[in-house]
Amino acid sequence: MSTPLIVLVGPMGVGKSTVGRMLAERLGVGYRDTDDDIVAEQGRSIADIFADEGEPAFRAIEQRAVARALAEHDGVLALGGGAVLAPRTRALLSGLPVVFLDVDAAEAIRRVGRGTGRPLLAGDPHREWRTLMEARRPLYTEVARAVVDTSGLTPEGVVEAVVAAPARQEARA
């Protein structure tokens with residue numbers, strides 16, 4: 001069993017996928033995104049899973065995908081924004097080099113647009129994003145060994161901040 005070199009958590013729109021790919025390239029390791037794993041395994045988009053089966057079914061699929069990725073992947077791993085909702089997932093993240101990528105609401109909404117393909121942002125994306133972050137911020141903080149505020153940073157700047165974050169050194173010590 002291996003463990004990831006770095007696990008990225010945070011809300012939608014923070015740049016986990018973009019930063020994760022760049023970070024993996026910078027560190028010379030593989031990159032994996034549990035949302036991509038789910039889409040590949042299910043053969044349909046996350047929005048379609050939400051529409052067809054609902055959020056509870058999606059969260060069960062997500063929990064299995066995260067557990068599998070944590071056990072198999074030794075590079076950079078990005079988790080879906082809601083992965084931390086599952087107590088089992090939070091327990092699995094304990095002691096791992098988890099970095100919470102944070103962002104302010106205005107920038108997150110700008111990055112995700114008007115919720116296209118984001119079922120949890122249907123309706124009023126600003127209000128929905130803020131509501132989600134209110135509920136999830138304590139969970140991201142609970143699992144993180146380091147927090148990187150991505151607001152105003154380029155993806156390259158975020159990569160530099162993650163590389164400098166203490167999460168990697170602490171977890172590998």
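This is a predicted model: local features need pLDDT of at least 70, side-chain atom pairs count only at pLDDT 80 or more; totals for chains, interfaces and linings use all residues.
At what angle do helix α3 and helix α4 pack, and how far apart are their axes? The legends below start there.

View 1. Residue numbers start from 1 along each chain as its sequence is written, and side-chain values use heavy atoms, with hydrogens and water left out. Helix α3 (residues 46–53) and helix α4 (residues 55–72) pack at about 130 degrees, and their axes are 7 Å apart. Axes here are lines fitted to C-alpha atoms, for helices over the stretch in contact, with angles running from 0 to 180 degrees between N-to-C directions. That makes α3 and α4 oblique to each other, a label for whatever is left once angles under 35 degrees (roughly parallel), over 145 (roughly antiparallel) and 65 to 115 (roughly perpendicular) are taken out.

**View 2. Who meets whom between α3 and α4.** From α3 come I46, I49, F50 and E53; on the α4 side they meet E55, A57, F58, R59 and I61. Contact means heavy atoms within 4.5 Å. Sorted by class, this contact of α3 with α4 has 6 nonpolar, no polar and 3 charged residues. Nonpolar covers Ala, Val, Leu, Ile, Met, Phe, Trp, Tyr, Cys and Pro, charged covers Asp, Glu, Lys and Arg, and the others, Gly among them, are polar.

View 3. A69 sits in helix α4. With a relative accessible area of 0%, A69 is buried (under 20% relative accessible area, using a 1.4 Å probe and protein chains only). Leaving aside residues up to four places away in sequence, A69 touches R32, T34, D37 and L77. T3 is 66 residues from A69 along the chain, yet their C-alpha atoms are separated by 8.8 Å.

**View 4. The cavity.** Searching the whole structure turns up 1 cavity of 30 Å³ or more. A cavity is a set of points, on a 1 Å grid over the protein atoms alone, where a 1.4 Å probe fits but cannot get out; lining residues have an atom within 4 Å of a point. The largest cavity has a volume of about 40 Å³, counted as the space filled by probe spheres set on the points. Its lining consists of P11, M12, W129, L132, M133, R136 and Y140. By class that is 6 nonpolar, no polar and 1 charged residues.

Definitions and conventions: Helices (H or I, at least four residues) and strands (E, at least two) are DSSP runs, numbered from the N terminus. On a 1 Å grid over the protein atoms alone, a cavity is a set of points where a 1.4 Å probe fits but cannot get out, and a pocket is an open set with protein on both sides within 12 Å along at least five of seven lines; lining residues have an atom within 4 Å of a point. Buried means under 20% relative accessible area, exposed over 50%, partly exposed in between (1.4 Å probe, protein chains only).
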